[in-house]
Amino acid sequence: MKKKLLAVVAAGAVTAATAVPALALENEFHGMFRVKGTISNYNGAGAFAGLLAPSDNPKTKNFVDQRARLMYIAKANDDLKLVTHFEIDSQWGDNSYTVGRNDGGALGADQINLETKNVYLDFNIPAVPVNMKVGMQPFTDAYKGIFINADAAGALATAKYGSFTNALGWFRLDDRGGLTGKNARDLLILDGKYAVNKNLNVGGSYYLYNDDNSTFANGVAGTAQDVIVHTVGVNGEANLGLVTVDGFALYQFGNAGTKHVSAWAANAGAKAKVGIGILRAQFLYTSGEGDTTRNTSNAFVPVTNHTSGANAENTFYPADMRIILRDKFGTTDDHAIIYNTDNQSQGIIGGFIGYDANITPKVFANANAGFVATAKRNTVTESSSKYMGTELNAEVGYKLYDNLTTSLQGAYVILGDYYKGTGGAAPGKIPNDPFLSRVVLNYAF
Amino acid sequence: MKKIAVMVMAAVMMSATVPALAQMTKEEKNQCLLASKNCANEVDSIQKKIRKLNAEIKKGKKVYSAEEIKKLNAKLKEAEDMLDTLLQGGQ
């Protein structure tokens with residue numbers, strides 16, 4: 001009887017064990033690895049990152065940098081996942097055996113250099129069409145990144161109701177003031193999008209930027225003052241058959257310390273299939289301030305970083321520029337003539353055109369041209385010109401495998417009169433034109 | 001009785017070890033892409049995932065309901081955004 005009982009208990013235990021639903025955790029791994037070998041007269045080691053001020057006789061240098069990004073996603077089910085994203089950067093020969101990001105490429109390696117980009121929970125709320133992202137996450141505004149395109153800690157709720165998509169978010173950008181939890185820098189996001197039909201999308205938004213007791217009211221460290229900037233905008237995209245057009249308009253108002261803010265930005269873009277590729281065009285305007293002594297500032301206010309000299313947390317990647325605007329291939333060498341979209345409070349007038357061609361399934365090429373000028377001047381130099389320069393760049397690439405490409409890139413900037421007599425150039429002369437040429441190896445999986 | 005108990009145990013254990021994938025056929029919906037179920041241990045690269053999603057979406061309403069196609073499209077956008085995030089520049 002005892003043996004029978006034991007057998008029945010064992011059978012019951014096994015049955016129960018198999019009946020318990022397995023915790024089906026899907027492990028998703030993705031990542032990328034990029035190596036760039038560069039010859040350039042304006043760039044160099046990591047210390048060159050940030051704003052590029054052209055200088056005369058800058059010397060041609062060569063360097064190699066590498067970046068790995070690793071993403072691990074722990075997916076409990078279709079409605080719940082934890083997203084983690086890490087980065088390891090270095091320039092060959094920079095440092096070893098020490099502690100610090102963007103280093104570890106020197107002899108011996110063994111650098112403590114793992115950067116955590118993102119750690120956030122992504123889940124859908126049951127029974128309602130709301131997705132939540134909570135934690136340190138990537139966020140790009142609805143304006144091609146010119147206000148913010150960054151990793152930021154916060155909570156973002158996105159709801160979809162038929163053709164409507166609404167997003168409500170709150171991000172804590174900094175909490176490093178005298179009184180933590182009060183002297184903080186926060187960003188409130190309210191975005192709406194409506195698909196009128198399959199060819200037309202329109203959107204609107206309100207962003208509240210509040211920097212309590214900020215020491216960066218004037219863009220640089222100074223006396224603590226409150227900054228509150230309201231940003232309202234509209235955007236749209238229309239497929240007109242042969243051509244797809246998009247664009248936006250933004251207006252900002254509020255106060256930055258004792259100054260009243262009244263600024264704006266606008267964009268128009270178009271792309272069309274032409275021949276074997278796609279022809280693209282973009283125009284960008286951000287307002288600037290010419291008189292820094294008056295009580296009103298027309299300088300556009302993007303989100304910037306207050307802890308790093310390489311402080312841009314905004315981009316305009318659709319221009320596809322390598323030197324005059326931030327480069328989409330930028331790593332530790334992220335370095336540009338216009339590093340922030342406020343262009344040192346002077347604003348931007350920029351026009352860009354490009355063509356992406358798929359020559360064969362394996363071979364691709366693209367070419368771009370773009371010019372930039374300031375909307376206003378607020379610096380006194382030899383020339384009062386607003387014209388900063390024109391960039392020409394091109395790339396030819398080959399897909400070695402489905403997820404491994406190699407390419408050759410080149411870029412050259414013809415500097416404008418804005419730079420006359422600056423950067424050590426003789427009176428009436430413009431510093432040397434910046435250029436780069438590089439070979440890029442890019443693996444993504 | 002003992003024999004019966006042992007047979008029951010053996011049957012239950014065997015049923016637990018048979019891989020679920022073996023029950024799937026080509027014609028069935030890809031539950032791994034659709035609902036993150038029955039995925040094999042092999043991990044898709046992001047490009048492969050995008051390609052597979054595109055292939056499933058192309059099957060259209062013959063295989064998937066309108067709601068499921070919407071879901072696959074959302075997953076495609078999510079995968080494309082993820083690739084953009086991986087490749088995006090910056091310090």
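These points concern the packing and strand pairing of a predicted model.

1. Because the model is predicted, local features need pLDDT of at least 70 and side-chain atom pairs count only at pLDDT 80 or more, while totals for chains, interfaces and linings use all residues. Residues are numbered from 1 along each chain as its sequence is written, and chains are lettered from A and ligands numbered from 1 in the order in which they are written.

2. Strands (DSSP runs of E, at least two residues, numbered from the N terminus) β13 (residues 259-274) and β14 (residues 277-286) of chain A pair (at least two DSSP bridges) in the antiparallel sense over 10 bridges. Two residues lie between these strands in the hairpin, where Gly275(A) takes a positive phi near 60 degrees. β14(A) also runs antiparallel to β17 (residues 348-358) of chain A, to which 10 bridges join it, and Gly277(A) has Ala357(A) as its bridge partner in β17(A).

3. Thr374(A) is found in the loop between β18 (363-373) and β19 (387-401) of chain A, yet this residue is buried (20 or more other C-beta atoms within 10 Å of its own, C-beta atoms being placed from the backbone), with 24 such atoms in that range. Leaving out residues up to four places away in sequence, Thr374(A) touches (C-beta atoms within 7 Å) residues including Gly288(A), Asn343(A) and Tyr418(A).

Key: Helix = DSSP H or I, 4+ residues; strand = E, 2+ residues; numbered from the N terminus. Buried ≥ 20, exposed ≤ 12 C-beta atoms within 10 Å, placed from the backbone. Contact = placed C-beta atoms within 7 Å.
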